[in-house]
Amino acid sequence: PRSILSSSGKIYIPTLGGVCVINPEQKRNNLVIPTIRISQFVTDTIEHNPARAGQQIAAGTLRYSFRFSSLSFSAPERNRFRYQLEGLDKEWSAPVSNGEVEYTNLPPGTYTFRVIGSNDNNLWNEQGASVTFHVDPFFYQTVWFYILMTFLVTSILYSLYRRRITIMRKQNEALKKVNTELDRFVYSA
């Protein structure tokens with residue numbers, strides 16, 4: 001369609017339903033707080049449901065990937081995000097426009113990934129979205145393993161001590177026997 005630029009700066013565009021008037025100088029602020037959504041949670045090659053809380057992640061998982069978005073479409077390229085992995089990060093990240101983050105080699109424990117976002121007018125959704133998960137430890141990272149190893153090391157040290165005491169008693173008895181024979185020999189000589 002053809003459009004006409006008026007002397008006042010307005011643009012007139014003919015349509016089937018009439019004329020559409022656009023005033024480029026009139027700026028409208030987006031006052032709608034955006035909805036934040038975690039759309040994907042992937043560990044190594046396993047995709048998890050980000051809406052389910054308290055997920056168990058197997059020991060040995062190396063890569064944790066999160067994808068999130070802001071449901072504000074007036075200028076999506078100007079949407080910003082801040083994220084934090086509670087249990088690892090001490091502070092929120094700097095604002096980023098990329099809706100994806102990846103963590104690697106998380107130690108065993110419980111984590112909550114939180115993300116907040118803003119629209120094109122820098123209006124932030126402080127509630128945001130979150131997903132909680134638990135990384136299971138390897139068997140050698142459990143308390144029971146440490147207790148078992150402490151018991152095992154203590155048992156080995158005690159066994160070595162008892163063996164040393166037994167050897168010393170046998171040597172002492174042998175020395176007493178030799179000493180007695182030596183006394184008899186000296187007495188008879």
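The model is predicted. The chain has eleven strands and one helix. A cluster of linked rings includes Phe 68, and Phe 68 is also among the residues with the most contacts inside the largest nonpolar core.

**Overall form**

- From the N terminus, the elements run β-β-β-β-β-β-β-β-β-β-β-α.
- The C-alpha trace spans about 140 × 25 × 25 Å along its principal axes.
- The radius of gyration is 37 Å, whereas a compact globule of 189 residues would have one near 16 Å.
- Of the 189 residues, 25% count as buried.
- The accessible surface comes to about 14,100 Å². Carbon and sulfur atoms hold 56% of that surface.
- Among contacts with a separation of 6 or more, 56% join residues 24 or more positions apart.

**Nonpolar core**

- The largest nonpolar core has 20 residues.
- Those with the most contacts inside this core are Tyr 64, Phe 66, Phe 68, Tyr 103, Phe 113, Val 115 and Phe 133.
- Two or more core residues come from each of strand 4 (35-43), strand 7, strand 8, strand 9 (100-104), strand 10 (109-118) and strand 11 (124-135).
- Strand 11 gives the largest share, four residues.
- In soluble globular proteins, nonpolar side chains tend to be buried together.
- Leaving aside residues up to four places away in sequence, Phe 66 touches Gln 40, Phe 41, Gly 99, Glu 100, Val 101, Tyr 103, Phe 113, Val 131 and Phe 133.

**Aromatic pairs**

- The structure holds 15 aromatic pairs.
- One of them joins Phe 68 and Phe 81 edge-to-face, at 5.1 Å centre to centre and 70 degrees between the planes.
- Phe 68 lies in strand 7 (residues 63-71) and Phe 81 in strand 8 (residues 80-86), so this pair ties together parts that are 13 residues apart in sequence.
- Phe 68 and Phe 81 are both buried.
- Phe 68 also pairs with Tyr 83. Their ring centres are 6.2 Å apart and their planes stand at 45 degrees, so the pair is tilted.
- That pair links distant parts of the chain, with Phe 68 in strand 7 and Tyr 83 in strand 8, 15 residues apart.
- Phe 68 has a relative accessible area of 5%. Tyr 83 has 16%. Both are buried, because buried means under 20%.
- Ring pairs link Phe 41, Tyr 64, Phe 66, Phe 68, Phe 81, Tyr 83, Tyr 103, Tyr 111, Phe 113 and Phe 133 into a cluster.

Notes:
Residues numbered from 1 in each chain as written. Predicted model: local features only at pLDDT ≥ 70, side-chain atom pairs only at ≥ 80, totals over all residues. Heavy atoms only, no water. Phe/Tyr/Trp six-rings, centres within 6.5 Å; stacked < 30°, edge-to-face > 60°. Buried < 20%, exposed > 50% of the residue type's maximum accessible area, 1.4 Å probe, protein only. Core = buried A, V, L, I, M, F, W, Y, C linked by side-chain atoms within 4.5 Å. Contact = heavy atoms within 4.5 Å. Rg over C-alpha atoms; globule rule 2.2 N^0.38 Å. Areas by Shrake-Rupley, 256 points an atom, 1.4 Å probe, with all protein chains shown as cover.
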